[in-house]
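Subject: Handover of a structure and notes on its contents

Dear colleague,

Please find below the structure that I am passing on to you. My notes follow it.

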Amino acid sequence: MLSTLASASRPVAAAPEAPLVRVEDLRVHFFTRDGVVRAVDGMDYVVNKAETLGIVGESGSGKTVSSLAMLQLVPPPARTVGGRILFRGENLLERTPKAMASVRGKHIAMIFQNPATSLNPIYSIGAQLCEIVRWHEKVSRRQAEERATALLNLVGISDPAARLRQFPHELSGGMKQRVGIARALLCNPALVLADEPTTALDVTIQAQILDLLAELQARLHMSMVLVTHDMGVVARMADRITVMYAGRVCETASARTIFTAPRHPYTRALLESMPRVDHSYSGRARQPLPTIAGRPPNLLHPPAGCRFHDRCPEATAECRRVLPVETEVAPGHTVSCIRHGSQGVAA
Ligand SMILES: Nc1ncnc2c1ncn2[C@@H]1O[C@H](COP(=O)(O)OP(=O)(O)O)[C@@H](O)[C@H]1O
Ligand SMILES: [Mg+2]
């Protein structure tokens with residue numbers, strides 16, 4: 001089943017020379033009354049041109065805060081305290097807030113988890129979409145409306161001219177998320193960050209929205225970072241996959257490699273906990289869906305060594321002392337586990 005999933009995903013895009021985004025040693029910490037929560041603590045990844053990178057991990061692993069960091073949108077009491085985010089070679093973390101505002105929505109756009117809260121309830125759809133276009137580009141109201149209409153059309157919304165006059169509460173959840181996608185694409189961004197874009201939607205609508213995103217990503221040759229806790233979603237969507245645990249990257253490889261030859265014990269555990277079509281979880285021989293035993297560590301006091309060690313079936317005493325360093329174990333395949341070919345540093 002796992003190999004079937006991988007082969008069902010799209011072929012891996014030829015790796016271009018320079019990645020669009022290079023994230024290096026990103027650190028985002030929350031400064032709380034109880035102490036410093038090291039939510040993202042040394043994360044590296046790249047996004048190549050015109051590919052979909054899936055970032056997957058359990059809830060709380062730092063997927064959302066690391067994505068928000070790219071747009072300088074981490075919420076207080078969090079701060080980006082280290083690392084670089086190179087977009088076309090320029091470190092976005094060094095941009096002033098004003099200079100960042102000209103990137104957000106224009107070159108890098110975000111699709112949020114909950115379309116109900118990400119659209120403003122008091123403005124019409126048209127007003128919200130046109131405002132973005134006119135913020136970034138010197139165009140007339142009329143031209144902005146034409147753009148908004150074209151985008152609503154592109155995301156499969158019928159009678160777009162009428163929809164522009166409607167308010168968010170008049171639309172269904174799936175329709176609102178289509179508007180959220182249209183809004184992200186208004187200025188033809190090079191990169192779209194989609195954070196759990198279907199988690200808030202009904203299952204049948206989820207599939208439609210994922211299909212729409214995959215189609216648009218290919219058609220517009222844009223790069224996409226798709227953040228999700230759901231291995232099924234990355235299997236369907238991603239060219240490459242980065243697996244995160246407790247604020248760090250465990251493993252990165254092509255989708256095919258992640259599903260057919262995973263190395264990190266956490267990646268394997270995530271795959272094991274996926275519902276499988278060849279196992280029956282309903283009917284007479286009902287079995288509980290396997291989950292990963294234990295809980296993620298408290299990031300106020302992250303454990304020494306590998307952050308996964310106390311849940312890892314393969315952990316040794318060394319894993320409690322040595323921090324694994326992401327190491328290339330095969331071309332395009334990096335792993336952060338000293339039991340599977342990675343280097344480590346005493347921690
Ligand atoms: N308001 C907050 N105060 C303190 N820590 C927080 C807060 N919000 C998030 N965190 C920390 O950041 C971690 C990562 O959060 P998040 O990026 O939202 O995870 P994900 O998107 O992977 O579910 C959480 O596990 C938690 O430790
Ligand atoms: Mg999240």
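Which residue in S2 does Thr32 stand opposite? Thr32 stands opposite Gly35 in S2. Before the remaining findings, two remarks on conventions are needed. This is a predicted model, in which local features need pLDDT of at least 70 and side-chain atom pairs count only at pLDDT 80 or more, while totals for chains, interfaces and linings use all residues. Residues are numbered from 1 along each chain as its sequence is written, and chains are lettered from A and ligands numbered from 1 in the order in which they are written.

Strand S1 (residues 21–32) and strand S2 (residues 35–47) run antiparallel and are joined by nine bridges. Strands (E, at least two residues) and helices (H or I, at least four residues) are DSSP runs, numbered from the N terminus; two strands pair if DSSP finds at least two bridges between them. S1 and S2 form a hairpin with two residues between them. Val21 has Val47 as its bridge partner in S2.

These strands belong to an open sheet of four strands in the order S2-S1-S4-S5, with antiparallel pairing. Its edge strands, each pairing on one side only, are S2 and strand S5 (90–91). Helix H2 (residues 63–70) lies across S1, S2 and strand S4 (78–87), and runs at about 115 degrees to S1. Such angles run from 0 to 180 degrees between N-to-C directions, with axes fitted as lines to C-alpha atoms, for helices over the stretch in contact.

Arg22 is placed in strand S1. Leaving out residues up to four places away in sequence, Arg22 touches Val46 and Leu86; a contact requires C-beta atoms, placed from the backbone, to lie within 7 Å. Arg22 counts as partly exposed because it has 17 C-beta neighbours inside 10 Å. On this scale a residue is buried if 20 or more other C-beta atoms lie within 10 Å of its own, exposed if 12 or fewer, and partly exposed in between.

The loop between H2 and S4 holds two further points of note. Pro77 is found in this loop, and a cis peptide bond with omega of about 5 degrees joins Pro76 and Pro77. Gln72 is also found in the loop between H2 and S4; its phi is near 55 degrees, a positive value in a residue other than glycine.

The eight-stranded sheet

A second open sheet has eight strands in the order S6-S7-S8-S3-S9-S10-S13-S12, with mixed pairing. Strand S6 (108–111) and strand S12 (327–330) are the edge strands. Neighbouring strands of this sheet are turned by 25 degrees against each other on average, direction ignored. Within it, strand S7 (residues 191–195) and strand S8 (residues 223–228) run parallel and are joined by five bridges, with Leu193 opposite Val225 in S8. Helix H8 (residues 173–185) packs on the sheet, touching S6 and S7, and its direction makes about 175 degrees with that of S6.

Ala246 lies in the loop between S9 and S10. Its phi is positive, at about 50 degrees, although Ala246 is not a glycine. Ala246 is buried, because 25 other C-beta atoms lie within 10 Å.

Helix H12 (residues 265–272) has Pro265, Tyr266, Thr267, Ala269 and Leu270 as its buried residues. They pack against helix H10 (231–237), strand S9 (240–245), strand S10 (248–254) and helix H11 (255–260). Leu271 is also found in H12, but is partly exposed, with 18 other C-beta atoms within 10 Å.

Domains and core

The domain assignment gives domain 1 (2–107 + 188–346) and domain 2 (125–186); such bounds come from an automatic or database assignment. The contact between them takes 14 residues from domain 1 and 10 residues from domain 2. On the domain 1 side, helix H9 (residues 203–219) gives the most, with six residues.

The largest nonpolar core has 92 residues, of which Ala182, Leu191, Val192, Val225 and Val234 touch the most other members. A nonpolar core is a set of buried Ala, Val, Leu, Ile, Met, Phe, Trp, Tyr and Cys residues joined through C-beta atoms within 7 Å. This core draws at least three residues from each of domain 1 and domain 2. Beyond its neighbours within four places in sequence, Val234 is in contact with Gly54, Val56, Leu226, Thr228, Ile241 and Ala255.

With kind regards

Definitions and conventions. Contact = placed C-beta atoms within 7 Å.
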